[in-house]
Amino acid sequence: MLTPSLEDYLEELYRFSLSSDSVRVTDISHKLAVSLPSVSKALHKLKKGEFITYQRYGEIILTEKGKQLGDFLVKRNQVLQEFLILIQTNCDIVAEAEAMEHYLSDTTIRSIQAIVTFLKDNPEWHRILLEHIVSSSKTES
């Protein structure tokens, strides 16, 4: 089990791997706005967990285990963002999904995915839900 911080590193490594042949420590440092030593420490832990292969000053390569978990982490984030968009919450969608993703169980994520799929497949129910959300917020105000 990875810490939320290590999940963030692995998620970004996976994202980079989808669009680039190689990932550098500086790429991760810039993307996550962390220091180079912090990235190096995280990479050491990910290597120890067999999520990546990496040699100092060398290429960072995801193992099969790293690719599988990275794919899950990216999809989890996408599901949460889709959910927040569907319920038309008034928040910073990216930040909110990031805050949620590390603390929800896999079963909760699967349930949210089912809700997202249901609402996308049933626009009439989606409309009814949104009407309910609006009317509920008026009565609470």
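Tutor: Ala, Val, Leu, Ile, Met, Phe, Trp, Tyr, Cys and Pro count as nonpolar, Asp, Glu, Lys and Arg as charged, and the others, Gly among them, as polar. The model is predicted, so local features need pLDDT of at least 70 and side-chain atom pairs pLDDT 80 or more, while totals for chains, interfaces and linings use all residues. Numbering runs from 1 along each chain, and side-chain values use heavy atoms, without hydrogens or water.

Student: How many residues of the lining of the second largest pocket are nonpolar?

Tutor: A pocket is an open set of points on a 1 Å grid where a 1.4 Å probe fits, with protein on both sides within 12 Å along at least five of seven lines; lining residues have an atom within 4 Å of a point. Here the lining includes M1, L2, F51, F72 and R76. Two of the lining residues are polar and three charged, and the nonpolar ones number seven.

Student: Which element gives the largest share of that lining?

Tutor: Helix 1 and helix 4 (DSSP runs of H or I, at least four residues) each give two or more residues. The largest share is three residues, from helix 4.

Student: Is R76 buried or exposed?

Tutor: R76 belongs to helix 4 and is among the residues lining the second largest pocket. Beyond four places in sequence, R76 touches E7, E101, H102 and I109 (heavy atoms within 4.5 Å). Its relative accessible area is 5%, and the cut-offs are under 20% for buried and over 50% for exposed, so R76 is buried.

Student: Which helix gives the most to the lining of the largest pocket?

Tutor: That lining has 13 residues, with V25, S40, Y54, R56 and Y57 nearest the pocket's centre. Helix 2 and helix 3 each supply at least two. The most, five residues, come from helix 3.

Notes
Buried < 20%, exposed > 50% of the residue type's maximum accessible area, 1.4 Å probe, protein only.
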